Amino acid sequence: MFLVNYIKDVLSGIKSLATGMKVTGWYALHHRKEKITQQYPDNKDTLVLPERFRGEVVMPHDEHNEHACTGCTACELACPNATIKIVTKFDIQPDGKKKKAIDKFVYHLELCTFCNLCIEACPTDAIKMAQTFEHSVFDRTNLTKILNKPGSKIREGIE
Amino acid sequence: MYRETEILKQPGAGEPDVFGDMIINIGPQHPSTHGVLHLVITLNGETIKKVEPHLGYIHRSIEKMCESLSFRQFIYVTSKMDYLSSHINNHGCCLCVEKGMQIEVPARAQVIRVLMDELTRLASHQLWWGAGAMDIGALTPFFHAFREREMINDIMEETCGTRLTMNYMVPGGVMVDVHPNFQGRVHEFIKHFKTKIDEYDELLTGNVIFQNRVKGVGYLSKEDAISYGCTGPTARGSGVSCDIRKLYPYEVYSKLQFDEVTETGGDCLARYLVRMKEMRQSLSIVEQLIDNIPEGDVQAKTKAVLKLPKGEYFSRVETARGEFGVYIVSEGGTTPYRIKFRSPGYSNLSALDHMARGGKIGDLVAIMAMIDLVIPDIDR
Amino acid sequence: MPSLENIANNIHQWLNNNFGAPWPMLIEFAIVGLCIIGLFAMLGLVLIMMERKVSAWMQLRLGPNRVGPVGMFQTAADTLKLIVKEGMTPAGADKFLFNLAPFIVMIIAMVIMAPLMFAKGLQMWDVNIGVLFFTAISSVSVIGILMAGWASNNKYSLLGAMRSGAQIVSYELSAGFAILAIVILTGDLKISTIVNSQADGWWIFKGHLPIWIAFVIFMIAVTAETNRAPFDLAEAESELTAGFHTEYSGMKFALFFLAEYVNIFVVCALGATLFLGGWQPLHFGTDTQFNQWMDYIPSSLWFMGKTFFLIFVIMWFRWTFPRLRIDQLLNLEWKYLLPISMINLLLVTLMAIMGWHF
């Protein structure tokens, strides 16, 4: 009885090993079709990122160099890491009234964890996530970005 | 800092054997600790006499950090604890805040949350399968597991915007509705994974070398599993029924058809089988829900600034590794007064010494692989 | 048709015609030495490349594909990197033994090549105890590994070296028994006789079930002897980081690495010689058109083809199986391989006496 079990052990062991080898062997033979590698820098032209991908925070400007940010600092308050800093100034309106507007929208990419809370908090949809993801730079200071373009102003009709 | 003499003198280690014992440091940089875990093991030849985990290499004081963050903000930090079940961690925190604020989560959001949880669980178990096989010495399963995990990550990326630390769940529901492609891609994944999970079994489960490496290794009895506070597949492999989804159902789990997987072996093989079967159960949950997402809002109306009423709140969820508990003490302000997370990895790790004693170094690696340690979850 | 045999004979004759007594011998030594070093370098480059490609195919990857056409020069680039890298010696190490160990391992891998028959009539040293020489020398390589593990003054290295010692010493036995099966059938230890005995059919075809069993045992045992997965306990990167060569870097590490691959080549070449007929072409029946076609393929290609097939099988093992534990490794040897190969040897002897083989 011992001998029978012994031989059974050996045979079933060999069978299980052969099953595993069958799987890897199949993949070795079909490697052209089955490979999953993406050759990243080469496939840059065809690389499509989903529209919701959180790459970095950007502020879209329209053709008149106008943005939608009122400087309400809702994003600054929503941010858990103090990634956003809004510096405001007072614009003199044509009618002589002073109006609060952003001077600088400072965005620290190096602190950002891409949690999307600022985008959610923004009441005027002035900021959104861009699909860029190659953020490496040689100098850390390059990661501190000012999102509003120079000379830009708030779009008419946004309060 | 530890000194060798102190370790030797501790109770249970026995008298130091000057000629026979060898103390060896596994970690903080070691390929099979999956992070910066430091194990001081006392060896007699190759036989392990004692395992002593040293923690703190990746301690970021997340609990303290959360005290300075508002009730909307602290949720994202919890994704950085057990980064492989980040959705489920976020879910637990959201449940706790919702309990305090008495927010009713819309039905659609509930289903989406459960779907995301189960997909995360699948992704986590796939990574565990690949990485565990790699620890035991088979390198190919890792890449096969990543093929399926990549599909889930792509689904997550499309809907949530990120691949690993999503921050998709917010108090009151989920951040945005699922992507229009979501259902199609999940169907595609289910179809693909159903064939591949059988291939997983062919490649590894039945393999005689693998069976020998895990069978009877790292035995943990039912009593010990309870007394060490083990949860998740580690405890269920010892026959402890501890699935929070069944015992304290949250969201729509009470309406779903699924089994709590338990094995009575108590060894590494049992823990392995529990996880493999759990993958099939998760797949069946996803299948049940994917065509039945109710219409409606994905987020309840909440105030911009959440203020939890004064009091203490606790909620728990089942992550891929076990029970994750969130305990919030609120003084009525916008930030929590105190937060405590009960992470599954910490308790499971505490049983490591018990399981590994008397085994070989190879056994220790197999045990660690089958507990599925995630070090940031242990250290927080 | 020019063959390697003719080339070798022509060189030999030309040297004997043109030089006095000791010189032809010495010049032949030099030529053979250069050839071996060249073969060594080539094998290192080709086998590492093959390993990386095979693993990539099984793992749904592409493998190296950047340096040169389809990544062919990747290993050359890696070697260059290893050469310019600093070969560090740890402060607590036994410096002499630490630096000696990689050379011992490599020299043994070189010496072991001596009795191999690479093609028809192309052999360095047709020693009358060829197979014995092979088994004797191959067991010496464990000394290099033990030396490396001990001299590193590192507990991981020490554990790896001790595992390797236990492993190689025990697997020598079943490898020896598997080789003996062929020796019994052939009746000679000489490699050339063993190859010639397979002119009418390879032993794997002629020898029935016992030889198949011997072949399987041989493959398992040599996989263990060369410290290859699933028996790579001396290295065991998930347990002992890198085992006995944890502390080695630069070219010293590269020598260990190279020796591993050359050892694989040597054992597979021996397997091909013993069981698959060495350089003998595949023949079916007698005097058929097929046999004539097979004879057109050069004998060196036959030998290399068989060897590389066996190398592929060993690589296939590595990329499929998990690693054994040290006690299971010894169990496998002493409780399974050794008794089976002993009984198998009896069967082979019976077969040889009764003349049951073809």
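This is a predicted model: local features need pLDDT of at least 70, side-chain atom pairs count only at pLDDT 80 or more; totals for chains, interfaces and linings use all residues.
Helices here are DSSP runs of H or I with at least four residues, strands are runs of E with at least two, and both are numbered from the N terminus. The points below go from the backbone to a sheet, then to the core and a chain contact.

- Most residues other than glycine have a negative phi.
- B:Ser61, which is not a glycine, has a positive phi near 50 degrees.
- Because 10 other C-beta atoms lie within 10 Å of B:Ser61, and 12 or fewer make a residue exposed, B:Ser61 is exposed.
- A:Ala82 also has a positive phi, of about 55 degrees, and is not a glycine.
- The place of A:Ala82 is the loop between α3 (74-78) and β3 (84-92) of chain A.
- A:Ala82 has 9 C-beta neighbours inside 10 Å, so A:Ala82 counts as exposed under that cut-off of 12 or fewer.

**The sheet in chain B**

- Three strands of chain B form an open sheet in the order β1-β2-β3, with antiparallel pairing.
- β1 (21-26) and β3 of chain B each have a single partner strand, so these edge strands have one side without a neighbour in the sheet.
- On average, neighbouring strands of this sheet are turned by 20 degrees against each other, direction ignored.
- β1(B) and strand β2 (residues 38-44) of chain B run antiparallel and are joined by six bridges.
- Across from B:Asp21 stands B:Asn44, a residue of β2(B).

**The largest nonpolar core**

- The largest nonpolar core holds 236 residues.
- The residues with the most contacts inside this core are A:Cys118, B:Ile367, C:Val105, C:Ala221, C:Phe265 and C:Val266.
- Helix α11 (residues 250-275) of chain C gives the most to this core, namely 17 residues.
- Leaving aside residues up to four places away in sequence, A:Cys118 touches A:Val57, A:Cys75, A:Ala78, A:Cys79, A:Ile84 and A:Ile127.

**Where chain C meets chain B**

- Chain C brings 22 residues to this contact and chain B brings 27 residues.
- On the side of chain C that touches chain B, the elements giving two or more residues are α7 (155-186) and α14 (326-354) of chain C.
- Of the elements on this side, α14(C) gives the most, with three residues.
- By class, this side of chain C has 10 nonpolar, five polar and seven charged residues.

Terms used: Residues are numbered from 1 along each chain as its sequence is written. Chains are lettered from A and ligands numbered from 1 in the order in which they are written. Two residues are in contact if their C-beta atoms, placed from the backbone, lie within 7 Å. Ala, Val, Leu, Ile, Met, Phe, Trp, Tyr, Cys and Pro count as nonpolar, Asp, Glu, Lys and Arg as charged, and the others, Gly among them, as polar. A nonpolar core is a set of buried Ala, Val, Leu, Ile, Met, Phe, Trp, Tyr and Cys residues joined through C-beta atoms within 7 Å. A residue is buried if 20 or more other C-beta atoms lie within 10 Å of its own, exposed if 12 or fewer, and partly exposed in between; C-beta atoms are placed from the backbone. Two strands pair if DSSP finds at least two bridges between them. Axes are lines fitted to C-alpha atoms, for helices over the stretch in contact, and angles run from 0 to 180 degrees between N-to-C directions.
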